[in-house]
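Please keep the model open while you go through these points.

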Amino acid sequence: MKHVSLKETKNLKDQTRIDFKMVTFTLAGKDYGIDIMKVKEISKASKFTFVPNAAPFVKGVYNLRGDIISVIDMRIFFNLEAEEAEGNTENMIILRLDSHVLSVIVDSIDKVIGISSETIQPPHPLFGDINIKYISGVVENEGRLYVILDVERILGDEEQVDGRTVESRSASSISSAAPLSVQESTVSTTGNAVKEDVDIGFIEETLITFLSFYSSPVNQEWIRSRFSAWKKQKGEDVQLANVQDAEAYLSPFASPFSGSYWNSDFAEKAASFLPADHTGNFYIWNPGCESGYESYSVACLVKNRLPDVHLRIIAHDNDLIRISTAPGLVVNQASLGSLYDNFLTEGSRGKQFKKEIKDAILFEYHDITHDNTLPKLDMVVMRDTVSYIVPDRQQHIFNTLEEVMKPGGLLILGTHEQPINPGAWEKVENSGVVAYKKK
Amino acid sequence: MRVEYINPFVEAAYNIMTEVLQADVERKDLYLKKTTQPVMGVAALVGLAGDVEGRVLIDMSQDTAIKIASTMNGEKLTGLDELAKASITELANMITAQAVTKLFDLGFKFDLTPPSIITGENMSVSNANVEALIVPLEMPQGLVEINVAIRERA
């Protein structure tokens, strides 16, 4: 039930050539990148231990879990304006260079971007703020230009850095070297927890790049528990290098009976949440219906339990190819189980659903990240769908649901998903199958 | 937009364009657009009613419109005059009518309004709460977008 459009599928193919990843950040409002292989981790810290008589761009030293590393302020180093960080907590990128480990302070850390190294263009000699010899290239990604810094060249050779200090910084270093206060460095986050957060953060970014899967409160719990299992399986090398890795990571995420008819057992458990008596209209929304297996399954289970209702299922998907086949879906299996027997009829091309089931479902080519015009809903089946759309639209969809669902309305999410605002829903469970009732 | 409606519009637009212009028409990927979309310069509008409510917009740049009208009339038109406008209006009528005929064969009943033509710079069109299906067609005369926004009658 991936909500991936045709266009995105195409992008996905292009992205299989990703062979260069960089951590992106901003300095004085401009975007920069550093090769991820040079980045050890990302951290926030304040109150560095001041080192007397050091160059002004050396903020001091910092105790990284027992290792003392120097902290360089990139903004001062490149003669850019240094913003005062909020609460004095600075964003640090800790770099592992050939010779040593050190840390640089930047304005804000953005995200990890995977690109194809072929798209990196050589720097133009007219580049302003940062001297050209420190730039390994420029790359465009999603409408933004990133300057890729050659950190090895900038910070790798200590002697060169020192030389630079003497030449160009001597005047200012005197004034700022004056205060001789020595402070214990305090770290806002420590130990392995930091490393794990960073690893999970990278994995989350990679899942967006490869499979447009967005981590959010809907699925975060699962991502974290999956990470422990993944780590056990993979050891230290936890990062996702390509689409296959990303697919392997996500493979346990899929809910049962994705892309097939629900079996009678699963359907009956889901049906047990339905009200025992209901007459009149019964409206169901099924976004991300793909080829329609889920919509037909839901139609049959509701009709079976509530034969007298006037059933209407609004099934949406933005994959035109898949949803185009949905209205005329044929049943190839010999038997789908007792639940379906009453609703099937022998057609010219094989078994098909009866007219009463077909007429109940309205398949629409629609992008649910746009506006959704829906009637008052009795039930929503939205499995493994919201996880594939951007988080602020996820929020929007849950807001819509809280608005249009009738009190007591039933929401079925993916097995590993949960509603964003748990306060608005009552969790119900029947031997492993979970649903949410609107309060 | 209901899945069954898509093909009739795509086929009708493709057939009519190929037939009228006697040229290679290339069908590009369909996509959905949010409620407000820019209009290229010349838009022929046909309203739909019946089982659904909505409209079809045949959208192209002024330059493309003049070229298409020239081809349809077998003479070189220099500006977007009455004849050119009438030709584009007729084109919209033919496309929508063929689509509606195909839809009727599938069991959906649609009524049409007479087409009207709107021209100007920097225009945009918006339909509250309906997203539009865009069928882009590329031909030697330029790009023509068939913009269909319809929804089921509540």
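**Notes on the model**

1. Strand E14 (residues 344-347) of chain A runs antiparallel to strand E15 (residues 350-353) of chain A, and 4 bridges join them. The hairpin between E14(A) and E15(A) passes through 2 residues. Thr345(A) has Gln352(A) in E15(A) as its bridge partner. Strands (E, at least two residues) and helices (H or I, at least four residues) are DSSP runs, numbered from the N terminus. Two strands pair if DSSP finds at least two bridges between them.

2. Some ground rules. This is a predicted model, in which local features need pLDDT of at least 70 and side-chain atom pairs count only at pLDDT 80 or more, while totals for chains, interfaces and linings use all residues. Residues are numbered from 1 along each chain as its sequence is written, chains are lettered from A and ligands numbered from 1 in the order in which they are written, and side-chain values use heavy atoms, with hydrogens and water left out.

3. Chain A as a whole has 13 helices and 20 strands. Of its 439 residues, 50% are buried. Buried means under 20% relative accessible area, exposed over 50%, and partly exposed in between (1.4 Å probe, protein chains only). Take the contacts in chain A between residues at least 6 apart in sequence: 69% join residues at least 24 apart. Contact means heavy atoms within 4.5 Å.

4. One open sheet of chain A has 7 strands, in the order E16-E13-E12-E17-E18-E20-E19, with mixed pairing. Strand E16 (361-365) and strand E19 (425-430) of chain A are at the edges; each has a single partner strand, so one side of each lacks a neighbour in the sheet. From one strand to the next, the twist averages 20°. Axes are lines fitted to C-alpha atoms, for helices over the stretch in contact, and angles run from 0 to 180 degrees between N-to-C directions.

5. Within that sheet, strand E12 (residues 281-287) and strand E13 (residues 310-317) of chain A pair in the parallel sense over 7 bridges. Opposite Tyr283(A) stands Arg312(A) in E13(A). Helix H13 (residues 391-404) of chain A packs on the sheet and touches several strands, including E12 and E19 of chain A. The direction of H13(A) makes about 140° with that of E18(A).

6. A second open sheet of chain A has 5 strands, ordered E8-E1-E2-E10-E9, again with mixed pairing. Its edges are strand E8 (108-115) and strand E9 (135-141) of chain A, each with a single partner strand, so one side of each is left without a neighbour in the sheet. Strand E1 (residues 20-27) of chain A pairs with E8(A) in the antiparallel sense over 6 bridges. Met22(A) stands opposite Ile113(A) in E8(A).

7. Is Ser297(A) buried or exposed? Ser297(A) counts as buried, because its relative accessibility is 0%. The residue lies in helix H9 (residues 293-305) of chain A. Beyond its neighbours within four places in sequence, Ser297(A) is in contact with Tyr261(A), Trp262(A) and Tyr340(A).

8. Now the chain contact. Chain A gives 15 residues and chain B gives 16 residues. Between them, about 1,400 Å² is buried, and carbon and sulfur atoms give 59% of that area. Buried area is the accessible area (1.4 Å probe) that two parts lose on being put together, summed over both.
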